[in-house]
Amino acid sequence: MLYIAAVFLPLLGCLLAGLIGQYLNGVWRLVPAGAAGHGHDAHGHDDHAHAHTHGDHGQDDHGHGHDHAPQPGDRFAQMITVLCMAVAALCGVLAFFDVAYAGHARTVTLFTFIDSGSLEVSWALRYDTLSAVMVGMVTVVSTLIHVYSVGYMAHDKTVPRFMAYLSLFTFAMLMLVTADNLVQLFFGWEGVGLASYLLIGYWYERPSAGAAAIKAFLVNRVGDLGFALGIAGVFLLFGSVEFSTIFAAVAEHRDAVVNIAGIEMRTLELLCVLLFIGAMGKSAQLGLHTWLPDAMEGPTPVSALIHAATMVTAGVFMVARLSPLFEYAPNALALVTLVGAATAFFAATVGCVQNDIKRVIAYSTCSQLGYMFFAAGVSAYPAAIFHLFTHAFFKALLFLGAGSVIHAMSDEQDIRRMGGIWRKVPITYTVMWIGSLALAGIPLFAGYYSKDMVLEAAWASHTAHGRIAYFLGIAAAFMTAFYSWRLLLLTFHGTPRADKHVMDHVHESPLVMTVPLMLLAAGAVFAGMAFYESFVGHHFAEFWREAIFIAPEHHAMHDAHDVATWVKKLPLVCALSGIALAYVFYLLRPELPGLIAARFQGLYRFLLNKWYFDELYDAIFVRPSMALGRVLWKGGDGAVIDGLGPDGVAAATRAVAARAVRAQTGFVYHYAFVMLAGLVALVTLWFMLRAG
Amino acid sequence: MIPATTFASLNWSLALPEIFLACAAMVLLVFGVTRKADPQREVSWLSVLVLAITAALVLAQGGDKAQAFAGLFVLDGFARFVKLMVLLAAGLGIVMSISYLEHEKLSRFEYPVLILLATLGMMMMVSANDLMSLYLGLELQSLSLYVIAAFARDSERSTEAGLKYFVLGALASGLLLYGASLVYGFAGTTNFAAIADVLTRADAAKPPLGVVFGLVFVAAGLSFKVSAVPFHMWTPDVYEGSPTPVTAFFSVGPKIAAVGLFLRVMAGPFAPMLGQWQQLMVLISIGSMALGAFAAIGQSNIKRLMAYSSIGHMGYALIGLAAGTAEGVHGVLVYMAIYLVMNVGTFACILCMRREGRMVEGIDDLAGLARTDPLMALALAIFMFSMAGIPPLAGFFGKLYVFLAAVKAGMWALAIIGVLASVVGAFYYLRIIKVMYFDADAGAFEPRPAALSAVIAGTGAVTTLFFVWPAPLVVAAQAAAATLFGG
């Protein structure tokens with residue numbers, strides 16, 4: 001019951017908020033009584049796929065939507081979703097302790113989903129340590145984000161819609177992490193994709209939000225194609241999509257080979273690479289990362305949810321979940337390591353020069369995901385999940401803190417136009433500091449434990465790609481500290497750069513927003529210390545049990561604790577020097593950054609434009625597709641299909657109709673002639689048919 | 001030689017409904033003549049009563065297939081089924097005309113009597129078991145119809161319609177008679193069973209040429225009655241010119257009777273020549289569907305449009321005949337029953353199109369009906385959707401059964417052409433709905449007469465709810481079809 005409640009309560013909240021909340025706000029009314037053209041369409045009828053035909057219920061149908069005043073459904077939707085999430089979080093935490101510490105792993109089978117031939121898919125909740133960690137983390141962080149949203153989105157026009165989407169997002173993520181088979185995982189995977197699309201494009205009146213939503217959806221499709229192929233391949237190889245069956249049979253299929261276009265390769269390697277492509281899309285790894293920064297178009301709580309609890313962590317989770325497969329595919333693991341390390345480095349470089357407060361944090365997420373992946377790549381899955389776990393807290397904290405800053409600065413997002421506000425927003429200021437300390441990996445804060453573990457494991461893997469990952473990770477750690485303090489200093493310190501009007505309005509956020517911040521801050525401080533021993537300590541295997549499989553020949557996890565001292569200390573040294581550099585650049589000698597940017601114009605532009613990935617994709621994929629689309633639309637569809645099809649047939653029909661009408665002359669002798677001619681024709685035809 | 005008969009051996013009781021109807025019609029005629037004031041209303045309602053009694057008599061006649069009048073007359077489940085449809089059509093036809101005749105100053109009691117006589121002819125047709133009785137019934141029906149087509153004798157259009165119908169009908173009768181004489185010449189008999197017997201014994205691959213010609217000519221004559229292409233030319237002019245209730249009756253009663261006769265002739269005496277007439281039916285069916293679909297698009301007069309629509313519908317019905325199986329016949333019967341309901345409903349709506357004391361017939365006159373009379377617009381929309389064959393309305397099932405029969409008989413091409421034609425046909429049905437719901441108002445109609453409202457409501461309900469409980473009709477039609485093929 002506990003397990004089911006944790007997963008399905010968010011869905012319940014979503015449905016109640018979406019249906020009843022929207023109903024209370026009068027969205028289902030098909031014809032706005034007496035208010036046509038008064039902006040009622042702003043409620044949007046398009047946001048639900050249900051064909052509701054609730055009639056006019058004739059209450060409260062005037063005025064709302066003009067002044068964004070709270071509507072009756074708003075309060076209801078906020079209460080119900082927060083309540084559902086809170087109970088789900090309670091269940092999630094209890095389940096976490098029950099499963100991870102008391103060792104009660106189990107699978108709750110709900111019902112059969114597909115039973116077709118040899119393909120059997122059921123809805124089942126698989127609760128082992130891995131899912132329990134995820135469920136606990138997702139529900140807790142999501143609950144705090146829900147609470148925060150109550151304050152942050154208070155003046156929005158369609159609060160129930162927003163709350164419903166948030167809950168739907170959470171539900172999809174929970175389905176994903178508790179999946180018992182690949183198809184259910186895919187269901188959650190796509191559910192997350194759908195919810196992210198809806199949320200990123202939440203302010204659909206803005207063209208940029210619509211574009212960002214479409215971009216997120218399409219880029220994810222690229223990854224999903226790989227994932228879907230991977231699932232199909234797994235079914236082909238193992239004859240099942242159920243995890244336990246697959247994992248049990250890995251050993252006997254480990255040497256299967258497949259021949260593609262004359263190249264022979266191990267099937268398992270190919271499958272893992274395909275699955276990893278899916279993970280790359282969801283987790284915004286180098287190449288498929290372009291959607292993540294643009295996803296900032298969504299409201300800030302959405303960014304927090306995407307970056308911390310749901311969506312982007314799905315890829316890391318999937319690799320960890322499929323560890324029994326990846327463990328037998330060393331080349332795929334190497335690829336995971338290299339892509340992860342490259343992403344960590346790349347995103348950190350870009351993060352150093354961004355000016356939008358949310359974008360800086362977005363690139364830092366991208367970078368941290370890289371850490372998680374290369375940890376997974378060196379078989380240190382517990383370290384990857386540990387980093388995912390701690391990261392969820394401080395990243396949610398940073399985003400919500402950034403939201404609070406934006407709130408305070410009257411929707412200003414450019415850090416060049418902030419500064420000097422720290423006295424006015426003490427709580428936000430403090431929690432941002434805590435978040436940054438955790439992100440930079442300063443001792444005692446959560447990020448320190450997990451990030452160091454990741455880097456040590458990379459070193460301890462004793463492989464070339466592990467070493468590369470270590471050094472790229474060190475470089476990224478330096479930059480992470482640098483851009484975190486750059487953000488802190490530019491935002492809160494120095495002289496105010498915003499105009500006086502804005503500065504006068506700077507104010508601390510209400511309690512409903514600051515309380516979640518403080519709770520998350522507590523998480524960002526203690527999550528590392530508290531769980532270090534269980535997650536990645538010497539006896540990590542007793543904690544994870546069967547949830548994660550590490551091949552006996554891979555020792556990274558064990559050896560990580562015994563690496564040389566300099567390996568352990570280097571990340572901290574780098575982080576501190578990054579912080580120091582930021583102080584020099586942005587407090588002591590503020591003219592330096594400009595000089596350097598001018599001196600290394602090319603490099604600066606390269607970084608500012610995010611390594612020109614968007615431009616590259618635009619040139620390679622987007623524009624040719626658009627051109628092809630235009631040719632097919634104008635030429636193929638317009639000229640050929642419409643011309644010969646609908647339009648042509650319609651024109652021909654009219655011509656035939658006109659002829660048929662003209663044949664009706666009204667003269668009796670014409671009619672009689674037609675009858676006789678018809679008779680002759682029938683007789684003739686009859687003979688011809690017989691002859692033939 | 002007809003063997004010597006006694007009165008009892010005539011089995012005349014089998015024809016009791018017809019005999020009753022004939023006597024009642026003559027009594028009503030005398031009744032009308034003796035009245036000073038015009039008794040149209042009384043005679044009309046009495047006629048409806050007579051039709052109801054006749055229907056009760058038909059229903060009361062149970063039993064297996066039986067013959068009367070030395071094989072001239074046959075009574076079986078098929079005949080009973082079709083007769084009931086015809087009686088229903090005639091009854092509704094009279095009910096719908098009462099107020100119209102009064103409004104248009106055509107109130108004369110001969111009108112219902114003529115319909116009764118035509119109905120009698122139709123019942124004879126359906127029970128015909130001999131080329132002679134076939135012709136007798138057909139002519140009784142036709143002659144009555146010629147008169148009522150020209151019933152508005154002061155109207156140029158009405159008289160033109162009557163004259164055209166008469167001239168062309170005479171030509172068709174001539175063809176039919178010529179065909180009948182050829183068949184008699186080669187088969188040596190006019191009795192259906194006997195003809196079938198002769199043809200069965202003949203070489204199936206090379207039937208006597210004369211019989212083939214006879215068959216084609218008879219089929220041509222019958223095609224005229226059901227207004228199938230290429231013998232349809234009279235239909236639009238007659239439908240448009242005749243008084244509207246007459247058109248309404250034309251579009252159902254005689255059609256049903258003629259289709260019934262068509263089925264009986266093709267499945268009876270000419271059954272052994274199935275391979276010969278099947279191709280013929282396919283051609284006629286395709287021609288009718290195509291013409292009905294295409295020509296209706298160009299129409300602006302709704303009665304004319306309904307004429308083409310009925311041509312198209314006959315094409316669909318003939319698909320079932322072309323299939324040449326009991327299933328096909330079943331399909332035709334279901335189709336005709338549903339066609340009867342939705343067509344009567346549509347014409348009831350058309351009869352409500354009265355503005356400033358005059359009937360209007362333009363499709364444009366329906367503009368904005370959804371706002372001036374939403375209920376009638378809804379009913380007409382239902383009929384139009386049903387005619388276009390949109391599920392779950394009744395019309396869809398009518399088409400479904402005939403298409404299914406064609407597919408089961410392996411006539412894929414015919415079924416596909418049927419579906420394509422119905423797509424084209426949907427255009428003009430939907431256009432009427434578009435005009436009613438989306439065009440600017442053309443002004444309200446006068447209040448609907450109660451009788452018409454009742455007819456619209458009843459037929460609309462049947463059309464909409466048929467899918468809920470289709471069993472009675474489907475099962476009855478199945479039994480009826482079985483007797484035709486079983487015998």
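## Basis

This is a predicted model: local features need pLDDT of at least 70, side-chain atom pairs count only at pLDDT 80 or more, and totals for chains, interfaces and linings use all residues. Residues are numbered from 1 along each chain as its sequence is written, chains are lettered from A and ligands numbered from 1 in the order in which they are written, and side-chain values use heavy atoms, with hydrogens and water left out.

## Helix contact in chain B

In chain B, helix H13 (residues 326-351) and helix H15 (residues 374-388) have axes that come within 10 Å and cross at roughly 145°. Axes are lines fitted to C-alpha atoms, for helices over the stretch in contact, with angles running from 0 to 180 degrees between N-to-C directions. Helices are DSSP runs (H or I, at least four residues), numbered from the N terminus.

On the H13(B) side, the contact (heavy atoms within 4.5 Å) involves B:Met342, B:Asn343, B:Gly345, B:Thr346 and B:Cys349. These meet B:Met376, B:Leu380, B:Phe383, B:Met384, B:Ser386 and B:Met387 in H15(B). Of the residues in this contact, seven are nonpolar, four polar and none charged; Ala, Val, Leu, Ile, Met, Phe, Trp, Tyr, Cys and Pro count as nonpolar, Asp, Glu, Lys and Arg as charged, and the others, Gly among them, as polar.

## Aromatic pairs

Over all chains, 59 aromatic pairs are found. Rings of Phe, Tyr and Trp (its six-membered ring) pair if their centres lie within 6.5 Å, and planes over 60 degrees apart count as edge-to-face. One edge-to-face pair is A:Trp459 with A:Phe471, at 5.8 Å centre to centre and 90° between the planes. A:Trp459 belongs to helix H17 (residues 446-460) of chain A and A:Phe471 to helix H18 (residues 464-492) of chain A, twelve residues apart. A:Trp459 is buried, at 14% relative accessible area, while A:Phe471 is partly exposed, at 42%. Buried means under 20% relative accessible area, exposed over 50%, and partly exposed in between (1.4 Å probe, protein chains only).

B:Tyr146 and B:Tyr165 also form an edge-to-face pair, with 5.1 Å between centres and 85° between planes. B:Tyr146 is in helix H5 (residues 131-149) of chain B and B:Tyr165 in helix H6 (residues 156-187) of chain B, so the pair joins parts 19 residues apart in sequence. Both tyrosines, B:Tyr146 and B:Tyr165, are buried.

## Charges over rings

The charged end of A:Arg467 sits over the ring of A:Trp459, 3.8 Å from its centre. Likewise, A:Arg221 has its charged end over the ring of A:Phe217, 4.3 Å from the ring centre. The criterion is NZ of Lys or CZ of Arg within 6 Å of the ring centre and within 35 degrees of the ring normal.

## A covered helix

Helix H11 (residues 313-321) of chain A is mostly covered, with nine of its nine residues buried. Among them are A:Phe317, A:Met318 and A:Arg321.

Notes: Helix = DSSP H or I, 4+ residues; strand = E, 2+ residues; numbered from the N terminus. Phe/Tyr/Trp six-rings, centres within 6.5 Å; stacked < 30°, edge-to-face > 60°.
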